[in-house]
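This briefing is intended to be read beside the sequence and the coordinates.

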Amino acid sequence: MATYEKLTVPASGTAIRFEGGQPIVPNDPIIPFIRGDGTGVDIWPATQRVLDAAVAKAYGGERRIEWFKVYAGDEACELYGTYQYLPQDTLTAIEQYGVAIKGPLTTPIGGGIRSLNVALRQIFDLYCCVRPCRYYDGTPSPHKRPQDLDVVVYRENTEDIYMGIEWEATDPVCLELIAHLNDTVIPANGKLGNRRIPAGAGIGIKPVSKAGTQRHVRKAIRHALGLEGAKRHVTLVHKGNIMKFTEGAFRDWGYELATTEFRDQCITERESWILGNLEEKPGLSIEDNARLIEPGYDSLTPEKKAAVDAEVKAVIDAIGASHGDGKWKAMVMVDDRIADSIFQQIQTRPQEYSVLCTLNLNGDYISDAAAAVVGGLGMAPGANIGDNAAIFEATHGTAPKHAGLDRINPGSVILSGVMMLEYMGWQEAADLITAGISAAIANKEVTYDLARLMEPRSEAVSCSGFAEAVVRHFGG
């Protein structure tokens, strides 16, 4: 049993454990919670009220959550001392009990931790950030058809530039590294020409590994396997047209995983074209099929034509029998899109996408952009998931000027709680909350951030009032 400096473990309850990366959840799990800074004083009590009510209604006392308060951010410094933003007690509790939930945390000043959120992800190797973005009827949105967007963003959490390997321009290590690159590495690489890193530049490293990529893509594909119909679709989002050996490798390693480990359950977009062409035109020649999948085929060099022909033949030989005759239509579709294109397409044709699997930085941008379509970060949940722990969290900031006023929207943390319940397998309780939120919004019982955008403008309810409205609308 772990020991704690300043924490008191609940008198009853059982730890969640993990087997093969999956949680084994008892009926009385102990779940650490971090209240959060700023408006955490308002939104956490509202969230706990909703979660407890849903569990009680769904299971009639057979299941319950034993909450374990732990500390991070400014609240931790008040208890543990200056700059103790992330005390060992909190890390021990999350390690021991496996699943945790938290409100928004402040960015430390002068304490040696750049971001508490990033630190938690890296400490517990929570390599998938999962951000669902769906619309609840009645939520004000700047888009004409926000209901068309229903995606889950899988953002890689531990690599890319968020790894934090960087040096400021005046750092001696930075100066030495620039000199080495300019004087030795770049001249030795004939493809880089006369490029030079300019004086006065800061330097950052962007690591993207095959292992890190494929474990992330694996979770995204497994998520899609649990969906139905056209939603069984994973899009690898990247900027591989420019960053060929990092973002481009992410794309290639993602396809490799899909077509090896998940070969019987996945089809790539190009493979679907090849098999679809044969289904529409039985007896289609290899060359004519190649013309249909490759624009400008007849203008290609003989070598490039041969490569496309070989691709078509290889697909038909390898999976024609197992995936052909329309069988591929029930499988998970895996395709890829350039990151900047996705920013447009989630606005212009969002219904074409389901699971967006991205690297760290792109996922940060895309998840916030998608959230804006369906009502903003106040309604955007998030989870950070690894093989031995999971932390569910608010996706917005601390908004300290609103703290203690009982007016902020608790939707982000409540919906993160829904994700937590789903992750635990407590779907009945999760569904009650989803229904309650939908009905509360449709009935215009919303906090000021949504009320002021409604037409006609609605009368706002308080943070705690919204929680009560959600519970009241569980129904039944």
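Leaving aside neighbours within four places in sequence, with which residues is K239 in contact? Those residues are E247, I338, D340 and N362, where contact means heavy atoms within 4.5 Å. The model is a predicted one, in which local features need pLDDT of at least 70 and side-chain atom pairs count only at pLDDT 80 or more, while totals for chains, interfaces and linings use all residues. Residues are numbered from 1 along each chain as its sequence is written, and side-chain values use heavy atoms, with hydrogens and water left out.

**Surroundings of K239**

- K239 is placed in the loop between β10 (233–238) and α7 (247–258); helices (H or I, at least four residues) and strands (E, at least two) are DSSP runs, numbered from the N terminus.
- The side chain of K239 makes a polar contact with the side chain of D340 at 2.7 Å.
- A polar contact is a pair of N or O atoms within 3.5 Å; within protein, one must be able to donate a hydrogen and the other to accept it, and residues adjacent in sequence count only if both atoms are side-chain atoms.
- K239 counts as partly exposed because its relative accessible area is 22%; buried means under 20% relative accessible area, exposed over 50%, and partly exposed in between (1.4 Å probe, protein chains only).
- Between the C-alpha atoms of K239 and G81, which are 158 residues apart along the chain, the separation is 43 Å.

**Packing of α1 on α13**

- Helix α1 (residues 40–59) packs with helix α13 (residues 411–424) at an angle of about 35°, and their axes are 9 Å apart.
- Axes are lines fitted to C-alpha atoms, for helices over the stretch in contact, and angles run from 0 to 180 degrees between N-to-C directions.
- The α1 side of this contact consists of I43, W44, T47, V50, L51 and V55, which meet V413, I414, G417, V418, M420 and L421 in α13.
- The residues of this contact divide into ten nonpolar, two polar and no charged. Here Ala, Val, Leu, Ile, Met, Phe, Trp, Tyr, Cys and Pro count as nonpolar, Asp, Glu, Lys and Arg as charged, and the others, Gly among them, as polar.
- T47 lies in helix α1 and counts as buried because its relative accessibility is 0%.
- Apart from its neighbours within four places in sequence, T47 is in contact with P410, V413 and I414.
- A53 is also placed in helix α1, and it counts as buried at 15% relative accessibility.
- Not counting residues up to four places away in sequence, A53 touches V471 and F474.
- A53 and A429 are 376 residues apart in sequence, yet 8.7 Å apart in space, C-alpha to C-alpha.

- Helix α3 (residues 88–97) is largely enclosed by the rest of the structure, because seven of its ten residues are buried.
- The buried residues in α3 are D89, T90, L91, T92, A93, I94 and Y97.
- Their cover includes β3 (30–34), β4 (66–70), α2 (74–80), β5 (99–102), α4 (116–123) and β15.
- Just after α3, G98 takes a positive phi of about 85°.
- In α4, the residues L116, V118, A119, L120 and R121 are buried; the buried residues of this helix pack against α3, β5, β7 (150–156), β14 (381–385) and β15.
- The N-terminal end of α4 is capped by S115, a side-chain oxygen of which lies 3.4 Å from the backbone nitrogen of N117.

**Helix α6**

- The end C-alpha atoms of helix α6 (residues 210–225) are 22 Å apart, which agrees with the 22 Å that its 16 residues should span at 1.5 Å a residue. The expected span is 1.5 Å times one less than the number of residues.
- At the start of α6, a side-chain oxygen of S209 reaches to within 2.8 Å of the backbone nitrogen of G212.

**Backbone geometry**

- Most residues other than glycine have a negative phi, and most peptide bonds are trans.
- D325, in the loop between α10 (302–323) and β12 (332–338), has a positive phi near 55°.
- D406 has a positive phi of about 55° although it is not a glycine.
- The peptide bond from E455 to P456 is cis, with omega near -5°.
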